[in-house]
Amino acid sequence: MSTPTVTLHIPTPLRSATNDQATVNATGDTVRTALQNLVERYPDLKSNLYNDDGALRQFVNIYVDDEDIRYLDGPDTALTDGAEVSIVPSIAGGRSR
Amino acid sequence: MIASPDVLQAIRAHGESGYPEEICGFLLGRIQDGTNVVTAIERVDNEQDANRERRYLIPPDAFREAQRAATEQSLDIVGIYHSHPDHPAQPSATDLEQATFSGYTYAIVSVDNGTARNITAWQLAPDRSRFTEEPIRTEAPA
């Protein structure tokens, strides 16, 4: 059986790293391997998605179809051919005191 | 960023209506020649549980909803705005620590005693070390 091909949805400011494409294809059995495949092909994405320890940045959320992988199997969530994988930031901040 | 006076006024109005809590939302528009051109805003509930006068939170589900609203208008999310009640329109250490991707415009409106004052716009440096101020131009987008 061949490795699943999925569609990755790229947030607006990261499209400068994907030749201005809003969606790109990647291959992988799991979210982890699909994201690895993605950053191999578009290396400028790496520091945006991962911290220096190689973990996904805290504000980076990954959805497979309409489910947050946090409520599935995290980066080990299995992918099937044609799945829609979205990179979704959570946003926070505020004045200091 | 480039934004119409209407967009800037809508951000001020949101800041005033939410005072003394922080309000937040998305800047919708397009990237033209590397500049974020903002043509609409999308208000979002501040989902921070505590300290809402000095903290805001937009969870990923709210981002996805705003993305759908943007797509319906053939727009993209190009930035985020929030208010600083009784505080200058300068990014705080919290804003820097919790910043998301570089490339978004981060707009801040200061609201003094219920009245919106100035709006500033900022870009996160690619190495995430600091914010640099981004000029706000108000001409109508081409």
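Chain A and chain B of this predicted model bury about 2500 Å² between them, 57% of it on carbon and sulfur atoms; buried area is the accessible area (1.4 Å probe) that two parts lose on being put together, summed over both. Select A:Thr12, A:Ile91 and A:Arg95 next: these residues supply 30% of the area that chain A buries against chain B, more than any other three residues.

Residues are numbered from 1 along each chain as its sequence is written, and chains are lettered from A in the order in which they are written. Local features need pLDDT of at least 70, side-chain atom pairs count only at pLDDT 80 or more, totals for chains, interfaces and linings use all residues, and side-chain values use heavy atoms, with hydrogens and water left out.

Now display the whole contact (heavy atoms within 4.5 Å). Chain A contributes 27 residues and chain B 34 residues.

Proceed to the charged pairs. The rule finds two salt bridges across the interface, each a side-chain nitrogen of Lys or Arg within 4 Å of a carboxyl oxygen of Asp or Glu. Select A:Arg15 and B:Asp76, whose side chains meet in a salt bridge (3.3 Å, N to O).

On the side of chain A that touches chain B, α2 (46–49), β3 (60–64), β5 (84–89) and β6 (91–93) each supply at least two residues. β5(A) gives the most, with four residues.

Finally, select β6(A) together with β4 (residues 56–58) of chain B: three bridges join these strands, which run antiparallel. Strands pair if DSSP finds at least two bridges between them. Within β4(B), B:Leu57 is the bridge partner of A:Ala92.
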